[in-house]
Amino acid sequence: MDAVLFRNGLVLTMDDAHTVLPGADVLVVGGRIAEVGVGLTAPPGATEIDATGGIVMPGMIDTHRHLWQTAMRGYGADWTLTQYFVWYYLESGRHFRPEDIYAGNVLGALEALDAGVTTTVDWSHGLQTPQHADAAADALESVPGRFVLAYGNIQQGPWEWATSPGFRDFVERRMRGRLGFQMAFDVTGDPAFPERAAFEVARELDVPVTTHAGVWGATNDDGIRLMHEHGFMTPSTIYVHAATLSGDSYQRIAATGGSVSVSTESEQSAGQGYPPTWQLRDHGIPVSLSMDTSVWWSGDLFSAMRATLGADRSREHLQAHGRAETVTHVHLRAEQVVDWATRGGSRALGLDGVVGSLQPGRAADVVLLRNDNSPVMFPILNPYGHVAFQAQRGDVHTVLVDGRIVKRDHKLVGVDLGKARADVERTVEHLIAIMGPDAWQKGMNPDIPATKILDNPYTYTEWTNT
């Protein structure tokens, strides 16, 4: 593996001290960070990348993304969470074939890399059969990123699929390679706690559980209480959204060392609850960021950072105004959300000694933000603010994963986008054919509720159009 040297960039190391090094170099050798500093010497044959005028940072980490749904990019732009549940869980999610899972996973994985997201948790709850699971794993292994397959199946209860011979066979066949692995399922709060069987399988396999918790109308405090009372809340558990929980539930999460994956665009648009970052800070709960699904939202963490800062600050101002007070100093800072987008993810996944920061010995997952053709990429005065509020996917110049260049000069390397496009087009054609064109269009265009214009006591003008 060739050495790579990023030369003369503004380096955000994201180490424990959040060291920022202007005009610095990052040397990658053998797939790992060898040195970070000023005026480093390039070894013979090294690939040198000019980072002048750019920001060099760790690859970003998304802890919750339903990659299989990428084939339906933007389809649910006007959905609520209810419409999402009806479409995928009750009506049409079962129409996805293994090849459709493959197509969505490939496209979503490429989308992540293109945006500088080098590690992605594939919250893969469309795995109706072991063949679907094989397709998901095949897709992730075909893309040169770092992925965690979070195995789930919304067409069965977790106590069914997690205890099936097919699932156990899949784990034994496929989860000894480079893919990370989690089990992905939700806890409804049923007093009988049927999910216990799935937790016991996870404990036996020694794999983490990721669960949608605190989702309005779906998962609530009872689920957290049942998990806690039965001893299934661990430091490796990732609670997704956690937006409608009580203080008691947050205390249980904090006490057991778990973390929360916040998907702000999702929570504030679909209706899981208000993005809970202020609650998580109050309780000392670690945070990572995620984008959820491209069936609604943008597949990058720039949008996630921006939305998270906006939602947290908006609430802080609104609460203060309700007390007739003015916020003069906001609590959540850009630096913090950049940490959540990098180190937050590595901590949540148990990979903090591997990725998430640019330190000697860490795996070389590196992103260069540089765009000489954009007036938005200068001046760079506040580097964290620039990443969180100014940069976007088009500014991702170079991406390394394990020292391998997977994007260079704003273009993905060694990727057959034509095949990815053709595969996804076949999925869309299949779904339209099996649903029918009318049902397909209706699913994409839900009814608009009636709106009554309020009476206005200040109306004083009448007119007619002629």
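Helices (H or I, at least four residues) and strands (E, at least two) are DSSP runs, numbered from the N terminus. This is a predicted model, where local features need pLDDT of at least 70, side-chain atom pairs count only at pLDDT 80 or more, and totals for chains, interfaces and linings use all residues. Residues are numbered from 1 along each chain as its sequence is written, and side-chain values use heavy atoms, with hydrogens and water left out.

Start with helix H11, residues 301–322. Its 22 residues reach 31 Å from the first C-alpha to the last, close to the 32 Å expected. That expected span is 1.5 Å times one less than the number of residues. Ala324 follows H11, and its phi is positive, near 60 degrees.

Now turn to strand S14, residues 366–369. Val366 and Leu368 point one way, while Val367 and Leu369 point the other way. All are buried, meaning under 20% relative accessible area with a 1.4 Å probe, protein chains only. Strand S14 has antiparallel partners: S5 (residues 55–58), over 4 bridges, and S15 (residues 396–401), also over 4 bridges. Two strands pair if DSSP finds at least two bridges between them. Val367 is the bridge partner of Met57. Leu369 stands opposite Val396 in S15.

Where is empty space left? Rolling a probe the size of a water molecule over the atoms shows this. A search of the whole structure finds 1 cavity of 30 Å³ or more. Here a cavity is a set of points, on a 1 Å grid over the protein atoms alone, where a 1.4 Å probe fits but cannot get out. The largest cavity holds about 40 Å³ of space, a volume being the space filled by probe spheres set on the points. Its lining includes Val187, His212 and Met227.

Key:
Buried < 20%, exposed > 50% of the residue type's maximum accessible area, 1.4 Å probe, protein only. 1 Å grid on protein atoms, 1.4 Å probe; cavity = no way out; pocket = protein on both sides within 12 Å on 5 of 7 lines; lining within 4 Å.
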